[in-house]
Amino acid sequence: MLNFLIFGPPGSGKGTQSVRLAEKFNLTHLSTGDMLRAEIAAGTELGKKMSAIMAKGELVPDEVVIEMIAARIDGARDTAGFLFDGFPRTVAQTEALEKMLNERGMKIDSMLVLDVDHDELVKRLILRAELSGRADDRDPAVIENRIDVYRAKTEPIIDFCRQRGIYQPVNGVGSIEDIFERLSRLVSGHIG
Ligand code: ADP
């Protein structure tokens with residue numbers, strides 16, 4: 001099994017591209033953002049606790065997402081591998097993921113990083129707010145906070161992946177199709 005991280009700031013297009021890549025390459029798409037929103041929609045205790053954190057654009061505690069991911073990894077069947085989207089988001093989550101995979105005879109094979117400049121991100125998130133109705137897309141201050149949190153807590157993961165030789169940057173500006181082509185080429189390089 002091959003394991004890919006798709007990575008980039010909020011609004012970089014991870015979710016859109018992940019769904020397509022997962023389908024094309026028979027990868028299991030695991031999005032912690034989607035899982036957390038599903039908890040909120042279902043009105044669970046966990047969802048109630050996490051929604052306030054998410055509405056501010058802060059990160060939920062590492063243990064919460066690590067546990068969610070562990071449960072999904074063991075439940076997956078008939079898959080070429082995993083595509084992790086929005087996880088890991090901290091160095092601690094990355095170390096936990098690496099350990100989890102190693103214990104199961106796997107590793108992180110590639111980290112695909114979508115590069116998108118700040119102004120383009122803000123423009124996309126404001127547009128998405130109108131279409132998706134996501135609470136954390138509606139407030140410009142929350143958008144800025146999410147980008148700041150990404151730079152401070154998530155971007156350091158890039159160094160971790162560089163050290164392991166699995167960092168694969170991708171230009172994230174262009175049409176959805178063009179970006180999908182760029183990513184597909186990199187994934188094909190692993191899957192053949
Ligand atoms: P985006 O990439 O657009 O910010 P996501 O759907 O990935 O959106 O995440 C939405 C929110 O869910 C985040 O701002 C954060 O509060 C929470 N979240 C998602 N994944 C994680 C994670 N791995 N660790 C901590 N918080 C997370």
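A polar contact is a pair of N or O atoms within 3.5 Å; within protein, one must be able to donate a hydrogen and the other to accept it, and residues adjacent in sequence count only if both atoms are side-chain atoms. By that criterion, a nitrogen atom of the ligand lies 3.1 Å from a polar backbone atom of V60. This is a predicted model, in which local features need pLDDT of at least 70 and side-chain atom pairs count only at pLDDT 80 or more, while totals for chains, interfaces and linings use all residues. Residues are numbered from 1 along each chain as its sequence is written, and side-chain values use heavy atoms, with hydrogens and water left out.

**Ligand site**
- The ligand is surrounded by 19 residues, the closest being T32, R37, E58, Q93 and R128, where a residue counts if one of its heavy atoms lies within 4 Å.
- An N or O atom in the side chain of R37 is 2.8 Å from an oxygen atom of the ligand, and a polar side-chain atom of R134 lies 3.1 Å from a ligand oxygen atom.
- Of the 550 Å² of accessible area that the ligand has on its own, the protein covers 96% (Shrake-Rupley method with a 1.4 Å probe).

**Sheet**
- Five strands form an open sheet in the order β2-β3-β1-β4-β5, with parallel pairing; strands (E, at least two residues) and helices (H or I, at least four) are DSSP runs numbered from the N terminus, and two strands pair if DSSP finds at least two bridges between them.
- Because β2 (27-31) and β5 (167-171) stand at the edges with a single partner strand each, one side of each is left without a neighbour in the sheet.
- Strand β1 (residues 2-7) pairs with β4 (residues 110-115) over four bridges in the parallel sense, and V113 in β4 is the bridge partner of F7.
- Helix α10 (residues 176-191) packs on the sheet and touches β1, β4 and β5, contact meaning heavy atoms within 4.5 Å.

**Helix pair**
- The axes of α2 (residues 32-41) and α4 (residues 62-75) come within 11 Å and cross at roughly 100°; axes are lines fitted to C-alpha atoms, for helices over the stretch in contact, and angles run from 0 to 180 degrees between N-to-C directions.
- That makes α2 roughly perpendicular to α4, a class covering 65 to 115 degrees.

**Backbone details**
- A cis peptide bond, with omega about -5°, joins F87 and P88, and P88 sits in the loop between β3 (81-85) and α5 (91-103).

Methods
Parallel < 35°, antiparallel > 145°, perpendicular 65-115°, else oblique.
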